[in-house]
Amino acid sequence: MRLVLLGPPGSGKGTQAVRLKEHLQVPHISTGDLLRAEVAAESKLGIEAREVMARGELVSDEILLGMLENRFSQEDTKGGFILDGYPRNLAQADALTALLERIGQPMDAAVQLDVPSELLVERIAGRAKAEGRADDTPESVRTRLKVYSDQTEPVVDFFRQRGKLSVVDGVGSLDDVFARIISALKPVPEVG
């Protein structure tokens, strides 16, 4: 199973990805974790990324895609993977699709966790308070949700148009949401 998890900040992507990793027996690939690992390993791409970040700039799609290609070449991804936090925009979705087709591992599914905005604000504010983070104010969270909506909603449409998207209600217990995701990933039997 090659899966992309989509959803705004606070929707539970990371939490569900960890559970899906165990259930599907495939690696969970977070681009943030991947980036930190490449920088720590001082790989060619990691050194490039560190220099970009030191200038206060965002790591380019080209560098991230190179890191993903390296990761997809590892043995543990042969049976699939769960991508969390990528693609974030249409250019990344196009590049990812092209890469996966070129290496013979086309995307199987995309799952979008659907959670109302005000609940996301509550979740993130609660998490920020529990973790002692002052940067996750309700106002900053609303700004991040607007950025997500503007940049990532087109990615949702990208997967919808290709018949790969399942929208899952992300409200409820962790077990309920997990069960909905698993149900959405099961192939629908053909009639006839």
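**Loops, helices and a pocket**

Mentor: Start with Q25, which lies in the loop between α1 and β2 (28–30). Helices (H or I, at least four residues) and strands (E, at least two) are DSSP runs, numbered from the N terminus. This is a predicted model, in which local features need pLDDT of at least 70, side-chain atom pairs count only at pLDDT 80 or more, and totals for chains, interfaces and linings use all residues. Residues are numbered from 1 along each chain as its sequence is written, and side-chain values use heavy atoms, with hydrogens and water left out.

Trainee: Why is Q25 called exposed?

Mentor: Buried means under 20% relative accessible area, exposed over 50%, and partly exposed in between (1.4 Å probe, protein chains only). Q25 has 62%, so it is exposed.

Trainee: What is the phi of Q25?

Mentor: Positive, about 60°, although Q25 is not a glycine. E42, in the loop between α2 and α3, has a positive phi of about 55° and is not a glycine either.

Trainee: Why is Y86 counted as buried?

Mentor: Its relative accessibility is 1%, so Y86 is buried. Y86 sits in the loop between β3 and α5. Leaving aside neighbours within four places in sequence, its contacts (heavy atoms within 4.5 Å) include T31, Q92 and L96.

Trainee: What makes G85 buried?

Mentor: A relative accessible area of 14%, so G85 is buried. Beyond neighbours within four places in sequence, G85 is in contact with L5 and T31.

Trainee: Which residues does the UniProt annotation "binding site" cover?

Mentor: In that unreviewed entry, they include T31, E57, G85, Y86 and R144. UniProt positions are in the numbering used here, feature names are shortened, and annotations may be inferred rather than shown by experiment. From this set, the lining of the largest pocket takes in T31, G85, Y86 and R144, among others. A pocket is an open set of points on a 1 Å grid over the protein atoms alone, where a 1.4 Å probe fits, with protein on both sides within 12 Å along at least five of seven lines; lining residues have an atom within 4 Å of a point.

Trainee: Why are α2 and α3 called roughly perpendicular?

Mentor: Their axes come within 7 Å and cross at roughly 105°. Axes are lines fitted to C-alpha atoms, for helices over the stretch in contact, and angles run from 0 to 180 degrees between N-to-C directions. Under 35 degrees is roughly parallel, over 145 roughly antiparallel, 65 to 115 roughly perpendicular, the rest oblique. So α2 and α3 are roughly perpendicular.

Trainee: Why are α1 and α8 oblique?

Mentor: The axes of α1 (residues 13–24) and α8 (residues 174–185) cross at roughly 55°. Therefore α1 and α8 are oblique to each other.
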